[in-house]
Amino acid sequence: MKHKCLKLLVILFGKLLTIMDIFIINVSIPSIQRDLHASNGEMQFMIAAYLIGFASLLITGGRLGDLYGRKKIYIIGLIAFMISSIACGLSVGAGQLVISRFVQGISAAMMAPQVLSMIQILFSDHQERTKAMGWYGITIGVGTVLGQFLGGYFSSLTMMEEPWRLIFLMNIPICLPAVFLTLKLLDESKVAVKQSFDAVGVLVLSAGLFCATYALTMSEHDGLHFKNISLMIVSGGILFTFIKNQKKRIQNERSYLIDFELFRYKNFNLGIIAVSFFFIMLDSYFYILSLFFQDGLEISPLEAGEIIVFQGLGFILASFISVKLILKYGKKP
């Protein structure tokens, strides 16, 4: 069991990085904007670029792990995340930082699906798996706390110019031991049946998700502009085509990205809805909160990060409690 716990810790490194870098930039926005002379639109896109890359390739990342090995794709994601973090930390302009954040999001999309898949494989017993998922929730809480706090802390340092660069460069001492421990401790796993990779499906799905995410992101800046409305319509058409194509590929027993048979299960659909509402709230809430603290209440980045820590502690506490409640009462809690 101790060996399993150590493996779980290594697996959760990927989730910690993914969550932490969603939030770490929030509290540092004013400092980055001042030093890079970026516009409000560029700053919004800097945050959104990570999420666009993450959302567009998340399903692809999961499928790559199934076909080519979850451990292998997880390591590739970790290394790519470290390199893109270095690029973020060394950026000399807003455009370079936006592109680096986009690549960072893609790297996170390679890691995140492997975390859940490896937990499912490592913990086959229901009780053990529930506890492992509790730690998964705790990791989300820790990542939220660390992201907001460290973003505020590094942005407030006075010992160097442009200290916000450390919020990205700090990923290096996290990624390096994570890669080493993954190579040493984790076993490889993949789908037993060898299948080809649906490259066309990846391009179609990524294009559809990119158009939708980009339009939603830029609508705050441009409003209900004709371009954004058109992109949403195009996105809907692309995703509809993707669904039809995937169902046809499944019928013809060809490689696919998504098994739509999953949507016949009530619990799966309820889970998707619950998770969707949760993340729609979470990311936008912390972004708005950090702006309110600094631009509205005019408190320092460090003070803003310290306040948000207490809310993150609530996430961690709730994850501890929920494990016991779910094991005792099932899904009702």
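In this predicted model, Phe268 has a relative accessible area of 29% and is therefore partly exposed. Phe263 has a relative accessibility of 38%, so this residue also counts as partly exposed, since the partly exposed class runs between the 20% limit for buried and the 50% limit for exposed.

**Aromatic contacts**

Across the whole structure, 8 aromatic pairs are found. Two of them are set out below.

| Aromatic pair | Geometry | Centre to centre | Angle between planes |
|---|---|---|---|
| Trp164 and Phe168 | edge-to-face | 6.5 Å | 85 degrees |
| Phe263 and Phe268 | edge-to-face | 5.3 Å | 85 degrees |

Trp164 and Phe168 are both buried, whereas Phe263 is partly exposed, as is Phe268. Elsewhere, a single aromatic cluster is formed by Phe149, Tyr153 and Phe154. Phe260 has a contact with a charge: the charged end of Lys247 lies over the ring of Phe260, at 6.0 Å from the ring centre.

**The second largest pocket**

The volume of the second largest pocket is about 410 Å³. Its lining consists of 19 residues, and those closest to the pocket centre are Leu8, Leu12, Trp135, Ile138 and Thr139. Helix 1 (2–23), helix 6 (126–155) and helix 12 (301–329) are the elements that each supply two or more lining residues. Helix 6 provides the largest share of this lining, with 8 residues. By residue class, the lining of the second largest pocket holds 14 nonpolar, 2 polar and 3 charged residues.

Terms used: Residues are numbered from 1 along each chain as its sequence is written. This is a predicted model: local features need pLDDT of at least 70, side-chain atom pairs count only at pLDDT 80 or more; totals for chains, interfaces and linings use all residues. Side-chain values use heavy atoms; hydrogens and water are left out. Rings of Phe, Tyr and Trp (its six-membered ring) pair if their centres lie within 6.5 Å; planes under 30 degrees apart count as stacked, over 60 as edge-to-face and the rest as tilted. Buried means under 20% relative accessible area, exposed over 50%, partly exposed in between (1.4 Å probe, protein chains only). A charge sits over a ring if NZ of Lys or CZ of Arg is within 6 Å of the ring centre and within 35 degrees of the ring normal. On a 1 Å grid over the protein atoms alone, a cavity is a set of points where a 1.4 Å probe fits but cannot get out, and a pocket is an open set with protein on both sides within 12 Å along at least five of seven lines; lining residues have an atom within 4 Å of a point. Grid points are joined across faces, edges and corners, and a volume is the space filled by probe spheres set on the points. Helices (H or I, at least four residues) and strands (E, at least two) are DSSP runs, numbered from the N terminus. Ala, Val, Leu, Ile, Met, Phe, Trp, Tyr, Cys and Pro count as nonpolar, Asp, Glu, Lys and Arg as charged, and the others, Gly among them, as polar.
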